[in-house]
Amino acid sequence: MRKKIIIGNWKMNNDKQETENFLLKLKNKTWNKEIEVKVSPSFVSLENAQKILRNSPVEVVAQNMHYEKNGAFTGEISCKMLKSINVNSVIIGHSERRTLFYENEDIIKRKIKTALNNEMKVIFCFGESLEDRNKKKHIKTITKQLDVIMSDLKTNQRNQIILAYEPIWAIGTGLNATPEQAQQIHKHVREEIATAFNKNLANSVQILYGGSLKPNNSEEIFSKPDIDGGLIGGASLSFDDFYSIIRSIDKK
Ligand code: PEP
């Protein structure tokens, strides 16, 4: 059985004190042990977040990292730096990184390889634009995005990836994919993986949905068989909303 996952991606929000306040509250809450809860604060709060969450099942995840080991890359963070503070998972391929910071597939691929070669887990985001969906090219787009990454990895590395389907038109817009639209893509992704690689991987890979998940739509979206959890942006900034979303997957 695939474990359910809820990840809060705080993006460029929450300073040191706000991070501390949120995590101290989260640390005192309980949920079904089968649900993996992760939070992704800003780089400056990662180490403090680790300290606060010591002895808690909540995992701290990085929002980004560079693909090079070290060097003259002003403003960047390496895999080794993350691992030195026990951060072992990273989000890669988020649409904001692709569009606002011009990360192309080559950069994304390099980042994923560096992370996996250093035993980090990757949360790989992919998803179509509104234009692709309107032109009915969304299946083709996401199939290509996935194939470019997955086909270039070693067999044992494919197990280290968590997939996050995030239609760009749903991120931060208040427009979520309907549960049926999300389920269709998640099912398609599993079928593609079964054909390209193997059925075991297709059945075991965790596929999250992301895009305007809120307490009022999460339960219905999570009820779909191929949706294993959520990557949550805006709603993860409110403690009550984030905790309600965690509770809503408990009903799955
Ligand atoms: C995200 O940025 O990954 C995301 C899903 O954002 P939001 O929940 O705000 O749409």
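## Helix α5 and its ends

In α5, the buried residues (those under 20% relative accessible area, where exposed means over 50% and partly exposed lies in between, with a 1.4 Å probe and protein chains only) are I108, K111, I112, T114, A115 and L116. The model is predicted, so local features need pLDDT of at least 70 and side-chain atom pairs count only at pLDDT 80 or more, while totals for chains, interfaces and linings use all residues. Residues are numbered from 1 along each chain as its sequence is written, and side-chain values use heavy atoms, with hydrogens and water left out.

Helix α5 covers residues 105-117, and its 13 residues should span 18 Å at 1.5 Å a residue, which agrees with the 18 Å between its end C-alpha atoms; the expected span is 1.5 Å times one less than the number of residues. Helices (H or I, at least four residues) and strands (E, at least two) are DSSP runs numbered from the N terminus. The N-terminal end of α5 is capped by N104, a side-chain oxygen of which lies 3.1 Å from the backbone nitrogen of D106, and just after the helix E119 takes a positive phi of about 55°.

## Aromatic pairs and a ring under a charge

The structure holds seven aromatic pairs, a pair being two rings of Phe, Tyr or Trp (its six-membered ring) with centres within 6.5 Å, where planes under 30 degrees apart count as stacked, over 60 as edge-to-face and the rest as tilted. One of them joins W10 and F22 in an edge-to-face arrangement, at 4.8 Å centre to centre and 70° between the planes. Because W10 lies in the loop between β1 (4-9) and α1 (16-27) whereas F22 belongs to helix α1, this pair ties together parts that are twelve residues apart in sequence.

F22 also pairs with F242 in a tilted geometry, with 6.0 Å between the centres and 50° between the planes, and this second pair links distant parts of the chain, since F22 is in helix α1 and F242 in helix α12 (residues 239-249), 220 residues apart. F22 counts as buried at 5% relative accessibility, and F242 is buried with a relative accessible area of 0%. W10, F22, F239, F242 and Y243 form one aromatic cluster. In another part of the chain, R97 lies over the face of F101, 4.2 Å from the ring centre, the criterion being NZ of Lys or CZ of Arg within 6 Å of the centre and within 35 degrees of the ring normal.

H138 is found in helix α7 (residues 138-150) and counts as buried at 10% relative accessibility. Leaving aside neighbours within four places in sequence, H138 is in contact (heavy atoms within 4.5 Å) with E128, D132, R133, Q184 and I185.

F73, in the loop between β3 (59-60) and α3 (79-84), counts as partly exposed at 35% relative accessibility.

## Around the ligand

Of the 14 residues around the ligand, K11, H94, E166, G172 and S212 come nearest, a residue being near if one of its heavy atoms lies within 4 Å. Ligand oxygen atoms lie 2.7 Å from a polar backbone atom of G172, 2.7 Å from one of S212 and 2.8 Å from one of G234.

Methods:
A polar contact is a pair of N or O atoms within 3.5 Å; within protein, one must be able to donate a hydrogen and the other to accept it, and residues adjacent in sequence count only if both atoms are side-chain atoms.
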